[in-house]
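Please look over the sequence and the model before reading on.

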Amino acid sequence: MSDGLAVAVDAAALGRVGVALADENRRRLLLALLNEPGFPSDLADQLGMTRGNVSNHLACLRGCGLVRTVQVGRRVRYELADPKLAHALADLAALVLLVDHQGAAGEVCGPEDYDCVDEVSGG
C-alpha cells in the first residue's frame, strides 16, 4: 500500500470464504444469518430449501469457520462466527462490478459472464 501500511491476509481463510460464497445456497444462508441468527428448520422454511440441504450447507459453513452454533434448549441456533464477517458480507453484497466482456463495457457482471463458472460450480 502506498501509505506504508501492511495488511496481513490469511490466504487459507480467504479461500474458505471463497468456497462458501461459490454456492448460491450458502450465499443465501449467509445473507439470512446476516440479518439475524436462525435455526435450521426456520432457515429452510424462510429460504424454501429442504432441511437436509440446509443442514449440509450449514455444516460446510461451520467447517469453514464462518458460522458457529449456540445451544438453545434442545435446539441449535446458527449465527455468523465473527461480527467482521457481517460487515464484509454487507460490503461484498453492495458491490456493483462492471466488466469489459468481449468489448461490452459498462455491463453489469453476472455469474454467466465468468469464464471459470464451470470450474467453481463443477458444471
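Which residue just after H3 takes a positive phi? Gly48 does, with a phi of about 70°.

## Basis of the description

This is a predicted model, in which local features need pLDDT of at least 70 and side-chain atom pairs count only at pLDDT 80 or more, while totals for chains, interfaces and linings use all residues. Residues are numbered from 1 along each chain as its sequence is written, and side-chain values use heavy atoms, with hydrogens and water left out.

## Overall architecture

The protein chain contains 6 helices and 4 strands; these are DSSP runs numbered from the N terminus, with helices (H or I) of at least four residues and strands (E) of at least two. Their order from the N terminus is α-α-α-α-β-β-α-β-β-α.

Of the 123 residues in the protein chain, 24% are buried (buried is under 20% relative accessible area, exposed over 50%, partly exposed in between, with a 1.4 Å probe and protein chains only). Among contacts (heavy atoms within 4.5 Å) with a separation of 6 or more, 42% join residues 24 or more positions apart.

## The nonpolar core

In soluble globular proteins, nonpolar side chains tend to be buried together. Here the largest nonpolar core has 20 residues, and Leu29, Leu30, Leu58, Leu61 and Leu80 have the most contacts inside it. Such a core is a set of buried Ala, Val, Leu, Ile, Met, Phe, Trp, Tyr and Cys residues joined through side-chain atoms within 4.5 Å.

At least two residues of this core come from each of H2 (24–35), H3, H4 (51–63), E2 (75–80) and H5 (83–93). H2 supplies the largest share, 4 residues. Not counting residues up to four places away in sequence, Leu30 touches several residues, including Leu61, Leu80 and Leu89.

## Helix H3 and its surroundings

The buried residues of H3 are Ser41, Leu43, Ala44 and Leu47. They line one face of the helix, because seen down its axis they fall within an arc of 160°, taken from the directions from the helix axis to the C-beta atoms. H2, H4 and E2 are among the elements that cover these buried residues. Asp45 and Gln46 are exposed on the face turned away from the buried side.

Ser41 counts as buried because its relative accessibility is 19%. Leaving aside residues up to four places away in sequence, Ser41 touches Arg51 and Arg75. Arg75 also lies over the face of Phe39, at 3.8 Å from the ring centre; the criterion is NZ of Lys or CZ of Arg within 6 Å of the ring centre and within 35 degrees of the ring normal.
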